[in-house]
Amino acid sequence: MSPFTGSASRTEEWRHLRLTLDSGVATVTLARPHRLNALTFGAYADLRDLLPELARDGSVRALVLGGEGRSFCSGGDVDEIIGATLAMDTAGLLDFNRMTGQVVRALRECPFPVVVAVHGAAAGAGAVLALAADFRVADPTARFEFLFTRVGLSGGDMGAAYLLPRVVGLGHATRLLMLGEPVHAPEAERIGLISQLTEEGGADTAARALARRLAQGPALAQAQTKALLTAELDMPLAAAVELDAATQALLMNSADYAEFHAAFTEKRPPKWQGR
């Protein structure tokens, strides 16, 4: 994502989610607890637009995505989205589905790590939002449900058929996307869907702690690591190692690389600058 901006000014208020910024950590909260944070058209659009804006800002080093109330996110709102899509023509439906995919791309392509805090349901689109994050921190109440086939749609929604096999393997991904059955926290941890399992009620705190740790680290190195993890999923080995070599050559000219050597020599912690 390019840091250069055009004429558009920074968004002062996000109406469909809550954003806080603190010491390089952005916290984005889905705040419709009365609907288990079900997503609306506006919520999708805000997520699509927010992530590139934070990337252009340059001060954000990590992002926490969470949900208010009893669950992380129950997916698309049945009335406001599923009901509305029944009245749309093909062009409108294509625009909507492209927008949901743009949210997933923004999560994968933003230059800072994304940590999602999951408690309760992460269902449908909520499960894919969690899947698209770099780290999934969850407590024992968490359950993931890829519900798309259960409403008569393809399980490969919002990039799920691309991402899920790469996280849990093709066998588990086939089962989860075909059947749409819930995956509770112990199994999710066993198959690699959860990065960190906390005690009950601890996901938000642990996610923020991880985000702060990431924000204090070498931001440029982390951004390039995330970019390579995404880019090399579809590369042959020869292309991947060549991209690794080019990336390392660039980073070896960075201030952070020189700072590591200086800190090591002076027997002190490095002061990362992110450049």
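Ring pairs link Phe41, Tyr44 and Phe96 into a cluster. Rings of Phe, Tyr and Trp (its six-membered ring) are taken to pair if their centres lie within 6.5 Å; planes under 30 degrees apart count as stacked, over 60 as edge-to-face and the rest as tilted. The model is predicted: local features need pLDDT of at least 70, side-chain atom pairs count only at pLDDT 80 or more, and totals for chains, interfaces and linings use all residues. Residues are numbered from 1 along each chain as its sequence is written, and side-chain values use heavy atoms, with hydrogens and water left out.

Three aromatic pairs are found in a search of the whole structure. In one of them, the ring centres of Phe41 and Phe96 are 5.3 Å apart and the planes stand at 80°, so this pair is edge-to-face. The pair links distant parts of the chain, with Phe41 in helix H1 (residues 41–57) and Phe96 in helix H3, 55 residues apart. Helices (H or I, at least four residues) and strands (E, at least two) are DSSP runs, numbered from the N terminus. Burial was assigned from relative accessible area: buried means under 20%, exposed over 50%, and partly exposed in between (1.4 Å probe, protein chains only). Phe41 is partly exposed, at 26%. Phe96 counts as buried, at 12%. A contact of another kind involves Arg166, whose charged end sits over the ring of Tyr162, 3.8 Å from its centre. For such a contact, NZ of Lys or CZ of Arg must be within 6 Å of the ring centre and within 35 degrees of the ring normal.

The strands were examined next. Strands of a sheet pair through backbone hydrogen bonds, either parallel or antiparallel. Two strands were taken to pair if DSSP finds at least two bridges between them. Six strands form an open sheet with mixed pairing, in the order E1-E2-E3-E4-E6-E9. Its edge strands are E1 (18–22) and E9 (196–197), each pairing on one side only.

Within this sheet, E3 (residues 62–67) and E4 (residues 114–118) run parallel and are joined by three bridges. Leu65 stands opposite Val116 in E4, and Val64 has Val115 as its bridge partner. E4 also runs parallel to E6, through four bridges. Here Val115 faces Phe135 in E6, and Val118 stands opposite Ala138. Two bridges join E6 to E9, again in parallel. Val137 is opposite Gln196 in E9.

E4 is mostly covered, with five of its five residues buried. In a regular strand the side chains alternate between the two faces of the sheet. Val114, Val116 and Val118 point one way from E4, while Val115 and Ala117 point the other way.

An open sheet of three strands has the order E5-E7-E8, also with mixed pairing. E5 (121–123) and E8 (183–184) stand at its edges with a single partner strand each, so one side of each is left without a neighbour in the sheet. E7 (residues 143–145) and E8 pair in the antiparallel sense over two bridges. Phe144 has Val183 in E8 as its bridge partner.

Pockets were located on a 1 Å grid over the protein atoms alone. A pocket is an open set of points where a 1.4 Å probe fits, with protein on both sides within 12 Å along at least five of seven lines; lining residues have an atom within 4 Å of a point. Grid points are joined across faces, edges and corners, and a volume is the space filled by probe spheres set on the points.

The largest pocket holds about 660 Å³ of space. Its lining has 27 residues, of which Gly76, Ile81, Ile82, Val151 and Leu153 lie nearest the centre. Helix H2 (78–85) and helix H3 (90–109) each supply at least two residues of this lining. Ile82 is found in helix H2 and is partly exposed, at 37% relative accessibility. Ile82 and Thr40 are 42 residues apart in sequence and 9.7 Å apart in space, C-alpha to C-alpha.

The second largest pocket has a volume of about 560 Å³. It is lined by 24 residues, and Arg108, Ala133, Asp134, Leu229 and Thr230 lie nearest its centre. The elements giving two or more residues to this lining are H3, strand E6 (135–138), helix H5 (160–168) and helix H9 (219–231).
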